[in-house]
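Here is a walk through one protein model, written for someone who likes to keep the viewer open while reading.

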Amino acid sequence: MDERPPGGPPAAPAEPTLTLKAPLSGPVVPIDRVPDPVFAHRLLGDGVAIDPVSSLLLAPCDGVVATIHPAGHAIALTTDSGVEVMLHVGLDTVALGGRGFVPRVAQGRRVVAGEVLLAFDADLVARSARSLVTPVVVTSRERVLGMRAATGFVTAGVDDLLVLRLAAVAGVPSGPAPGEKTRDVRVLRRLGLHARPAAALAGAARRFRAEVLVETGSSMASARSIVGLLSLGVVHGEVVRLRATGPDAGKALATLARVLEAVDGNEPGAPLSSAPRAAPRRERVFTGVPMAPGCAAGPVARLVREEPEVLETGADERTERRDLDFALEEAKVQLRALEARVGAEAGSEHADIFEAHVALLDDPLLLAEAEHEIVAGKSAAWAFREAVRRYADRISRLPNPALAARAADLRDAGGRVLRILVGQRSSPPSPPEGSIVVAEDLSPSEAATLGRGGVAGFCTVSGGATSHAALLARSMGIPAVAGIDARALEIPEGTLAVLDGDAAELRLSPDEAEREAIRERCARRAARRNADRLASAGPALTKDGVKIAVLANVGSLVDAEEAIASGAEGIGLLRSELLFLDRANVPSEDEQEAVYRAVAEAVGPGRPIVVRTFDAGGDKPLRWLPLPEEENPALGERGLRVFIDRPDLFRAQLRALLKVPAEYDVRVTFPMVSMLDEWRDAVVDLEEERERLGAPRRRAGMTVEVASAAILAEAFLKEAAFVTIGTNDLTQFTLAMDRGHPRLSPRADALDPAVLHLIARTCAAAREHGIPAAVCGALAGDLAAVPLLLGLGVGELSVGTGQVPAVKARVREVSLDACRALAVRALEATTAAEVRALLSETGGAL
């Protein structure tokens, strides 16, 4: 896009053209800088945005009002030349449910340039929504050959905002045509044909020469028109007819049908398939991932839930709002009672889970979405259920398991409100005492209730070690396993089973010899865990007297308290972004300082506290920092790169850390550093803020998470005060394998020789400069790998809070000389399998 002086007109392009006047006054924002991936990545089309200082949205050209969103925040026009233009006031403003927006025109009305389309309360929207930035997007991109945009400040109705160079109009058939092909398709997207699938459908349609129409019972739109598709209002489960004419009509129909029927992981809220399950194979052993340690034997009991039936259409708005308000307050009373019971049985830190559920029920975006549905005539139960589904589905699709696990909390709290709304006061029958519960998943409320009911163990298809159900199971001493095969849901009720939480295994119909062997194994593990806990306060000394520091990885104040109680000698990694995970707004400097100070006080003076500055992007999305979607987010704007470009946020965090009293040993490291210049720039920012505050100097370290950092470790560690190796990211980037990929993740082994050589190189550089090398990734907690890490030169291990006693015990079992000999042999291996075989072979003989 061409530059021009602020407020001046763009250079005149060749005819034919279409000029769009500025609909609002304010600075022009390039579309790729809009903090919303739908717009920034031109999912809906190309254009620009305005950061408005006016509050009347004007028509940018002559045309017809094609669509007015029910929430009033977005309007689409069709110009006289057939070009479609969308104006979207603010970001995430749909959640306001119409509050603050007053449309001044009706759908279907003809308007002229400069006519007022919409009035909005700028103060209310600015306080309530993510941003006031208003995208102006041309959605019929096939009509646009070129585009010139204004820059700087524009005045509504006066300055030209966009000048479009147009292609010739392509006719769209208005009725059956010779050779027309048709196909009826059921739309399986839970949210229907909303913006993202409409953009996907239009993009697919534009790849074909055929003209395709999408027809509902009463309306029709070109498949190439996003605005037209949105105006159809197609909902989940609705059948539409595709009509195609042209040389590749058959291929176009097949492709577009797949888009409409898609229910893959890229579509938030994809419903589960209704196809019958395949007959289960005769599995005797199901394996998963550990949620809570221990062993239990008993009959299998399946947890079956019946979702309450709700009426879609509501009474009057006042009645539905009153019903929802009552249900919300009643649910909060129940949650606080549950919080008190769990606090008495499992401790206050676990009872806080239900206090968080109360906070979820006060979430303004969730309530605004439900309010919007009520205004549209829906019942309170239907409105709230759909709002919870939408937000929970979005959260559950996140690649970061710690974030995705929070979807269960929202569904749990929302389900409680829904049951109150429909008058379902009774709970489903409880499984028999002593049974092994098998379920699709478990909510925190169900885990707490089942635990008090005397079940022997939990086993789920979804969930994981980071879920609140897992935390409750561990606190109540109930073995639990997650991630087992879905065929386990078809195990006949009453089948005798043994659940091994340590081995993450569910074994069916064991004979007496198997049961006895499992009981003995579990007893030995329990005795070992108890002995490790009793000795956890002591130092971790190898057999030849070398002290290895064992610290903890934490993401909350509770984690920090538990870490010190478990024997951790400090915090080796404080994931600062997790402290503010559930926020919708950027944490202020004062809020950050208070949290960092509280963590420091929990750890105590003299113990190291390594704080990693906010890590965002890739698999770590933050609600309060939306980033544009990227083709390859793992290699895009993430980690330190995100915040170097946002110095206000970065420096506010640095100031908050510097304000922690000097008696606490707070150290600072930075995420995903790949180049020395990045690290130096971050350290300069830290030092400049320190000087402004007159604060004591804090040690700045280096986190090695990518191969370039390990290769240049010698250069980095000439300047860094300490180094810690993040083996999780180092492994996936070295091997080019996503650690969350369902098929590749098992092969993304941190014991691959390529990764080990990078660890060894980093440790050698640290040794050269007299700096202890630490490992804070999952490999540090792998008991089989601990001797190898020590042999490579690692002097500090930072692990999960629950792993501290076992890791300390493992260090005490080995001699450093034997570990070094083991490392030499491991570095000669060529595959991860060879390394693991070597570790298995040497075992405890170190």
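The cover over the buried residues of helix α25 includes α14 (512–534), β27 (549–554), α24 (786–792) and β34 (794–800). The helix itself (residues 804–812) is mostly covered, with 7 of its 9 residues buried. Those buried residues are Val804, Pro805, Val807, Lys808, Ala809, Arg810 and Val811. Buried here means under 20% relative accessible area, exposed means over 50%, and partly exposed is in between, using a 1.4 Å probe and protein chains only. Contact means heavy atoms within 4.5 Å. Helices (H or I, at least four residues) and strands (E, at least two) are DSSP runs numbered from the N terminus.

Some ground rules before going further. This is a predicted model, where local features need pLDDT of at least 70 and side-chain atom pairs count only at pLDDT 80 or more, while totals for chains, interfaces and linings use all residues. Residues are numbered from 1 along each chain as its sequence is written, and side-chain values use heavy atoms, with hydrogens and water left out.

Zooming out, the protein has 27 helices and 34 strands. Of its 846 residues, 53% count as buried. Among contacts in the protein with a separation of 6 or more, 70% come from residues 24 or more positions apart.

Another helix to look at is α5 (residues 249–261): its 13 residues reach 18 Å from first C-alpha to last, close to the 18 Å expected at 1.5 Å a residue. That expected span is 1.5 Å times one less than the number of residues. Its buried residues are Ala249, Ala252, Leu253, Thr255, Leu256, Ala257, Val259 and Leu260.

Now the strands. Two strands pair if DSSP finds at least two bridges between them. β1, β14 and β12 make an open sheet of 3 strands in the order β1-β14-β12, with antiparallel pairing. β1 (17–21) and β12 (144–149) stand at the edges with a single partner strand each, so one side of each has no neighbour in the sheet. From one strand to the next, the twist averages 20°; such angles run from 0 to 180 degrees between N-to-C directions, with axes as lines fitted to C-alpha atoms, for helices over the stretch in contact.

Strand β3 (residues 46–50) has 4 of its 5 residues buried, so the rest of the structure largely encloses it. Strand β21 (residues 295–302) pairs with β25 in the antiparallel sense but with β22 in the parallel sense. Here are the pairings side by side, each with one residue pair to click on.

| Strands | Sense | Bridges | Residue pair |
|---|---|---|---|
| β1 and β14 (160–166) | antiparallel | 5 bridges | Thr19 and Val163 |
| β3 and β11 (134–138) | antiparallel | 5 bridges | Gly47 and Val137 |
| β21 and β25 (496–500) | antiparallel | 5 bridges | Ala296 and Leu499 |
| β21 and β22 (436–439) | parallel | 3 bridges | Arg302 and Val438 |

One more strand residue deserves a look: Arg667, found in β30 (residues 665–669). At 13% relative accessibility, Arg667 counts as buried. Leaving aside neighbours within four places in sequence, Arg667 is in contact with Pro608, Ile609, Val610, Val611, Arg699 and Phe722.

On to the aromatics. A search of the whole structure finds 5 aromatic pairs. The rings of Phe580 and Tyr596 have centres 6.3 Å apart and planes at 85°, so this pair is edge-to-face. Phe580 lies in the loop between β28 (571–575) and α16 (589–603) and Tyr596 in helix α16, so the pair ties together parts 16 residues apart in sequence. Both Phe580 and Tyr596 are buried. The rings of Phe614 and Phe643 have centres 5.8 Å apart and planes at 45°, so that pair is tilted. It links distant parts of the chain, with Phe614 in the loop between β29 (608–612) and α17 (640–644) and Phe643 in helix α17, 29 residues apart. Both Phe614 and Phe643 are buried too, and Phe580, Tyr596, Phe614 and Phe643 form one aromatic cluster. For the cut-offs, rings of Phe, Tyr and Trp (its six-membered ring) pair if their centres lie within 6.5 Å; planes under 30 degrees apart count as stacked, over 60 as edge-to-face and the rest as tilted.

How many disulfides does the structure hold? It holds 0 disulfides, a disulfide being a pair of cysteine sulfur atoms within 2.5 Å. As for cysteines, Cys61 is buried with a relative accessible area of 5%, and Cys776 is buried at 7%.
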